[in-house]
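Trainee: I would like a close look at one part of this model, with the charged side chains in view. Please keep it to what the coordinates show.

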Amino acid sequence: MKGEFPGEKSKRLRYHDEADQSALQRMTRLRVTWSMQEDGLLVLCRIASNVLNTKVKGPFVTWQVVRDILHATFEESLDKTSHSVGRRARYIVKNPQAYLNYKVCLAEVYQDKALVGDFMNRRGDYDDPKCVWQDLCQVRPVDKERLPFPPRRPQVCANEFKEFVEKLKEKFSSALRNSN
């Protein structure tokens, strides 16, 4: 029971979907290792998020979508969970040089008016009129007015995000090339 022992922290269980469960089974150590190519792709995903998050209130996609992109791109990424992907993406920009590279690439993307305009002018049906979290709403009543952002149509957002990341990979292809 929580509070039974002084100083005990409550441990919240993380939600793991099937891809995360598979990644956990593939892990050979407590922490996973990251390649420069994976880090480069994570930076591109952060850039895509920075641009696309301005279209909606709240995050455009979840870390599961970013994890799926990594898994589809690099076989060595199959041991990464969505939680480890999010943790690494936050860690990368704590490095001053990596943060500078991120900001330079982000500025370069915003200078590409055609690319940004193409994605910013799209009017996808992002918000779901039905609660995407219906299961959650049944377990614990949720006042829709108090949600930090409206429920999303995850597949619509994920498809647009993946397409934008592919365009960024083309634009910055040298950053993802194998250094061998």
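Are E38 and K80 buried or exposed?

Mentor: The model is a predicted one, and in it E38 is buried, as is K80. Their side chains meet in a salt bridge, with 3.1 Å from N to O. E38 belongs to helix 2, while K80 sits in the loop between helix 3 and helix 4 (82–92), so this pair ties together parts that are 42 residues apart in sequence.

E38 also takes part in the packing of two helices. Helix 2 (residues 36–52) and helix 3 (residues 63–73) pack at an angle of about 140°, and their axes are 11 Å apart. The crossing of helix 2 past helix 3 is right-handed. On the helix 2 side the contact is made by E38, L41, L42 and C45, and on the helix 3 side by V66, I69, L70 and T73. Sorted by type, the residues of this contact are 6 nonpolar, 1 polar and 1 charged.

D39 and R88 are both buried.

Helix 3 is tied to helix 1 as well. D20 forms a salt bridge with R67, the closest N and O atoms lying 2.6 Å apart. Because D20 lies in helix 1 (residues 18–26) and R67 in helix 3, the pair ties together parts that are 47 residues apart in sequence. D20 is buried, with a relative accessible area of 1%, and R67 is buried with a relative accessible area of 1%. The two also belong to a network of salt bridges that links D17, D20, R67 and D68. As a general point, side chains of opposite charge can pair when their charged atoms come close.

For the setting, the protein has 9 helices and 0 strands, and the structure holds 11 salt bridges. Of its 180 residues, 38% are buried. Among contacts with a separation of 6 or more, 79% come from residues 24 or more positions apart. The protein exposes about 12100 Å², of which carbon and sulfur atoms supply 52%.

Conventions:
Residues are numbered from 1 along each chain as its sequence is written. This is a predicted model: local features need pLDDT of at least 70, side-chain atom pairs count only at pLDDT 80 or more; totals for chains, interfaces and linings use all residues. Side-chain values use heavy atoms; hydrogens and water are left out. Axes are lines fitted to C-alpha atoms, for helices over the stretch in contact, and angles run from 0 to 180 degrees between N-to-C directions. Helices (H or I, at least four residues) and strands (E, at least two) are DSSP runs, numbered from the N terminus. A crossing is left-handed if the near helix is turned anticlockwise from the far one by less than a right angle, and right-handed if clockwise. Contact means heavy atoms within 4.5 Å. Ala, Val, Leu, Ile, Met, Phe, Trp, Tyr, Cys and Pro count as nonpolar, Asp, Glu, Lys and Arg as charged, and the others, Gly among them, as polar. Buried means under 20% relative accessible area, exposed over 50%, partly exposed in between (1.4 Å probe, protein chains only). Accessible areas come from the Shrake-Rupley method with a 1.4 Å probe; for residues, only the protein chains shown count as cover. A salt bridge is a side-chain nitrogen of Lys or Arg within 4 Å of a carboxyl oxygen of Asp or Glu.
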